[in-house]
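Please read this briefing alongside the sequence and the structure shown here.

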Amino acid sequence: MARKTVKRVKTGSLERRFSLARAGFMAGARYATASAGTLFASADKRDELRRQNLSERARELVDELGQLKGSVVKIGQMMALFGEHFLPEEVTEALHSLENNTTALEWPAVEKHLRQQLGTVKLNELTVDPEPLGAASLGQVHRATRNSDGAQLVLKIQYPGVADAIDSDMRALVRLLKLSRLVPITEQFNQWLDEVRDMLGREVDYDLEAHTTRHFREALKEDPRFVVPQVYGDYSTHNILCLSYEEGVHISDPSVVSLSQERRNFLGRAIMELCCREVFEWDKMQTDPNFGNYLMRVGDDGKDKIVLLDFGAIRDFDDDVLGPGREMIRAAWYHDTDRLIRAMRALEFLSGDVPQRLLNDFGALCFEAIEALQDPDRFPPPASVVNENGEYLWGESNLPNRIMNRASRTALSVYFDVPPKEFIFLFRKLLGAYTFLHVIKAQVRGNTIIEPFIPMREDADRAMVDQKIGSKDAH
């Protein structure tokens, strides 16, 4: 089926504001009209109609966002990922469709943009496939061949005017949300929007992405389990990133699913070890660990590899946040409640005096959350998720559901402050690695992966926690 395309991206501030305002006004008006029609329905029927109305209005809004492309769509995608904490379920469900239904820009407009960016001479050195490999909110990817030697390349092409429209898009989106009446505008939501603005700034910085791609290629060059694309500077600009084309298939491809248990274990161990290196060694983390950023290269010789893609969401972290975050992981791994609570206080997770009983409950929750990385001989997980060799059955585990159910039963939430955004990224990173191993049904003892990393910078991290707690006590 041919991909849907548009002739151009609406990048003019006035034009985008008008499209968003119109969409917000229409959604708000329809929502109000439909809501009025439920006034005489029974209570149960009224709630059902309200949810249906909210879902329909949200989908109309999402359709308009998808046509606009650019940072507005990216904001919507971020809302789908983080919004379950403060957005209606119907809205997040509609926003998730943005991830799969992004419209591509027509080839004549793309070719014109390429010619402006690279110049006619450079562009003529390449044969570019007019059909995009993929289209996203901020740009699209085309395969190309270098005519001189047949080198296979990909061109990541940022849509014209997208970077310049971020601030106006943010302001327009807030107005849209107010007009549509679909989302409560809270202080938490405003703080989150500020973070999204910073993240978008990094994602449209292709010079930074090229630098980060080179950094990871160098860091992993001796590790045969990973492939990082090569950057071709001759065909890269502020708005174009040229990389080597790397073969691979999606994690759910039958060729991956049918691999032997041993080979799937190999891949799972590799991705969890990479996660640990980012957190414990590099202070540099891929904050968008979705499966679209990986390809699996199944080797005919039995040597499989993971292709790492899209380094635009890489973020550097300071030790004053990641240090206490690592301490939380260590404390959970050691089953040390006091150490865990100190790390939480250093991260400003807790406010006021929390009853010890609730602290113990939360400690137990964290100890369970890290069961997949524990030594099963010291802290045995449920018998249903380990085999006779003590290997964790990642594919059989329902750990996230168990943790969410347990968390919903604790009263500790009233003592929680909003966690720092860096910790949310850390949590998503660990959950992303867990999900990878779950999907490929790995059977791996997680403790054999994380144990070498636990002592790394441990003394410095504990000192950082002491320092942060001491400075708080002084005030």
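How many residues lie between S4 and S5 in the hairpin that they form? There are three residues between S4 and S5 in that hairpin. This is a predicted model, in which local features need pLDDT of at least 70 and side-chain atom pairs count only at pLDDT 80 or more, while totals for chains, interfaces and linings use all residues. Residues are numbered from 1 along each chain as its sequence is written, and side-chain values use heavy atoms, with hydrogens and water left out. Helices (H or I, at least four residues) and strands (E, at least two) are DSSP runs, numbered from the N terminus, and two strands pair if DSSP finds at least two bridges between them.

- Strand S3 (residues 126–128) runs antiparallel to strand S5 (residues 139–146), and three bridges join them; threonine 127 has threonine 145 in S5 as its bridge partner.
- Strand S4 (residues 134–135) also pairs with S5 in the antiparallel sense, over two bridges, and here glycine 134 stands opposite valine 141 in S5.
- S5 pairs with strand S6 (residues 152–158) over seven bridges, again in the antiparallel sense, and valine 141 has lysine 156 in S6 as its bridge partner.
- The hairpin of S5 and S6 has five residues between the strands, and in this hairpin glycine 150 takes a positive phi near 75°.

- Three strands form an open sheet of mixed pairing, in the order S7-S11-S10, and its edge strands, each pairing on one side only, are S7 (226–227) and S10 (294–297).
- S7 and strand S11 (residues 305–308) run parallel and are joined by two bridges, with phenylalanine 226 opposite isoleucine 306 in S11.
- Helix H11 lies across S7, S10 and S11 and runs at about 40° to S11, where axes are lines fitted to C-alpha atoms, for helices over the stretch in contact, and angles run from 0 to 180 degrees between N-to-C directions.
- H11 has 22 residues (residues 261–282) and should span 32 Å at 1.5 Å a residue, which agrees with the 30 Å between its end C-alpha atoms; the expected span is 1.5 Å times one less than the number of residues.
- Aspartate 283, which follows H11, has a positive phi near 55°.

- The axes of helix H12 (residues 319–334) and helix H13 (residues 337–346) come within 8 Å and cross at roughly 165°, which makes H12 roughly antiparallel to H13 (angles under 35 degrees count as roughly parallel, over 145 as roughly antiparallel, 65 to 115 as roughly perpendicular and the rest as oblique).
- In contact, meaning heavy atoms within 4.5 Å, Pro324, Glu327, Met328, Arg330, Ala331 and Tyr334 of H12 meet Arg339, Leu340, Ala343, Met344 and Ala346 of H13.
- By class, that contact of H12 with H13 has eight nonpolar, no polar and three charged residues, where Ala, Val, Leu, Ile, Met, Phe, Trp, Tyr, Cys and Pro count as nonpolar, Asp, Glu, Lys and Arg as charged, and the others, Gly among them, as polar.
- H13 and helix H14 (residues 356–369) pack with their axes 10 Å apart at an angle of about 95°, and these two helices are therefore roughly perpendicular to each other.
- Thr337, Leu340, Ile341 and Met344 of H13 make this contact with Leu359, Asn360, Phe362, Gly363, Cys366 and Phe367 of H14, and the residues divide into seven nonpolar, three polar and no charged.
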